[in-house]
Structure formats: structure tokens, C-alpha cells
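Have a look at the model first, then read on.

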Amino acid sequence: SNGAAAQAERVRAEVALISDPGQHTQPGGVLSVSIGVASLPEHADGAATLLWQADAALYEAKRAGRNTVRVAPDFHSTDPSLATGVYRSVGRAVGRG
């Protein structure tokens, strides 16, 4: 997942360099991207969990102030609270539609 996170950071940095005529309408006046990263087997045990973990990491990136990259917590962590907090965040966001 270090490689995926590094690639996501490169994409984030490249997007920040894009000059867009409509960027003044974006938060902060610049074009930005928030990215959530998850990979198998570090962050999930299957496709559904992988998507859930990536989505949770994306919400964490947005909550951190946008224009950031966040990596999902280790699926096999001995500290279940790491994933639980992220799942609650996604659950609340998804519940809002």
C-alpha cells in the first residue's frame, strides 16, 4: 500500500498544478482532490471490504481538510478501534445520502 499511497500523492500534487478557468469556484480557490487508498490484503479480505475501506479513507481525507491522501487502517490490526471509527464516519456520511 506504500506504493499506492505514493502514487495517490503524486496524483494529488499534479492536480494541484492544473490551471483551470473555473478554479475560483472551488474551495480555497484552487482545484484539489481528496484520495482514499486501500489495498489487498492489508486493508481488506475481499472486493466489498476493499471498496468500503477505500471509501472510509476518502471520507477521512475530506474530513482532514480536503486536498489530502489517507490510507485505510490495517484490516488485520490488533486495535479494532482504528477501523471502527472510520466505519462510523462513513456510516454517518452514507446515511446522509
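## Around helix H2

On one side of H2, Ala47, Ala48 and Leu51 are exposed (over 50% relative accessible area with a 1.4 Å probe, protein chains only; buried is under 20%, and partly exposed is in between). Keep in mind that this is a predicted model, where local features need pLDDT of at least 70 and side-chain atom pairs count only at pLDDT 80 or more, while totals for chains, interfaces and linings use all residues. Residues are numbered from 1 along each chain as its sequence is written, and side-chain values use heavy atoms, leaving out hydrogens and water.

The buried residues of H2 are Gln53, Ala56, Ala57, Glu60 and Ala61. They span an arc of only 145° around the axis, so they sit on the same side of H2 (the arc is taken from the directions from the helix axis to the C-beta atoms).

What follows H2? That's Gly65, with a positive phi near 120°.

Ser39 counts as buried because its relative accessibility is 14%.

Here are two side-chain pairs:

| Pair | Kind | Distance |
|---|---|---|
| Ser39 and Glu42 | polar contact | 2.9 Å |
| Lys62 and Tyr59 | Lys62 over the ring face | 6.0 Å from the ring centre |

A polar contact is a pair of N or O atoms within 3.5 Å; within protein, one must be able to donate a hydrogen and the other to accept it, and residues adjacent in sequence count only if both atoms are side-chain atoms. A charge sits over a ring if NZ of Lys or CZ of Arg is within 6 Å of the ring centre and within 35 degrees of the ring normal.

Conventions
Helices (H or I, at least four residues) and strands (E, at least two) are DSSP runs, numbered from the N terminus.
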